[in-house]
Amino acid sequence: MSEVTKRALEASLKNRLLQKSLDKITISDITNDCGINRMTFYYHFKDIYDLIEWICVEETARAINGKKTYDTWQQGFLQTFQMVLANKPFVSNVYHSISREKIVDYFYAITYDLLRGVVEEKAAGLRVREDDKKFIADFYNFSFVGLLLDWIKKDMKEDPQVIIDRISTLIQGDVAKALSKFQQNKSKQNILND
């Protein structure tokens, strides 16, 4: 029942966003639209932004759906772009209604696992420190989120497949190369410290 209630609140918020901007929507608007009382809303979410975060996480998790390997990351990112495009009124309204920092946080949190999975896969058998692996995943994730937000800002006009193909061309083999360099740097540091 909890999932059904959350989905009803999601549908209601998306429906409201077709009619007015996020800053004009109240919790009462959402709950009245789907026939749920305000206390039920607060049982599941602390505020509208919490509901937005849940929607973003859920939508992206469905889009990525296990595409967390080196061979499938492009498909995971493509499906993320396609999910954003399919939810264009929602995403555009949210993009223009909340701080850029909050949006970066939403997308960063939901795509980080995909990139971390790729880094972990490529790091198998290598002696690379955890903070170095995190740094590599952060670097690529911030790049991806930046490109995604720029695409949203430009009204999602460019074909997502073209963007993903360009990203793939740019970084092909670079995750493994970065891991190798961090492993080499660690070896050099160990020699210098001895």
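The following exercises, with worked solutions, concern a predicted model of a single structure.

**Exercise 1. Confidence.** Determine which helix has the lowest confidence in the chain and which has the highest.

*Solution.* Begin with the chain as a whole: the average pLDDT is 86, and 92% of the residues reach a score of at least 70. Next, turn to the individual elements. Helix 2, residues 27-34, has the highest confidence, at a mean of 95. The lowest confidence falls in helix 10, residues 174-193, with a mean of 72.

**Exercise 2. H44 and K46.** Classify H44 and K46 as buried or exposed, and state where each residue is located.

*Solution.* First, place the residues. H44 belongs to helix 3, which spans residues 38-44, whereas K46 sits in the loop between helix 3 and helix 4 (48-64). Second, apply the cut-offs. A residue is buried under 20% relative accessible area; H44 has a relative accessibility of 15% and therefore counts as buried. A residue is exposed over 50%; K46 has a value of 63%, so K46 counts as exposed. Third, examine the surroundings of H44. With neighbours within four places in sequence set aside, H44 is in contact with S2, T5, K6 and D50. Finally, consider a distance from K46: its C-alpha atom is separated by 40 Å from that of A124, a residue 78 positions away along the chain.

**Exercise 3. The largest pocket.** Describe the lining of the largest pocket by residue class and by helix.

*Solution.* The largest pocket holds about 370 Å³ of space. Its lining comprises 18 residues, and those closest to the centre are S143, L147, I163, R166 and I167. By class, the lining contains twelve nonpolar, one polar and five charged residues. By helix, at least two lining residues each come from helix 5 (73-86), helix 8 (130-153) and helix 9 (160-171). Helix 8 supplies the largest share, seven residues.

Definitions and conventions. Residues numbered from 1 in each chain as written. Predicted model: local features only at pLDDT ≥ 70, side-chain atom pairs only at ≥ 80, totals over all residues. Heavy atoms only, no water. 1 Å grid on protein atoms, 1.4 Å probe; cavity = no way out; pocket = protein on both sides within 12 Å on 5 of 7 lines; lining within 4 Å. Points joined across faces, edges and corners; volume = space filled by probe spheres on them. Helix = DSSP H or I, 4+ residues; strand = E, 2+ residues; numbered from the N terminus. Nonpolar A, V, L, I, M, F, W, Y, C, P; charged D, E, K, R; others polar. pLDDT = per-residue confidence, 0-100. Buried < 20%, exposed > 50% of the residue type's maximum accessible area, 1.4 Å probe, protein only. Contact = heavy atoms within 4.5 Å.
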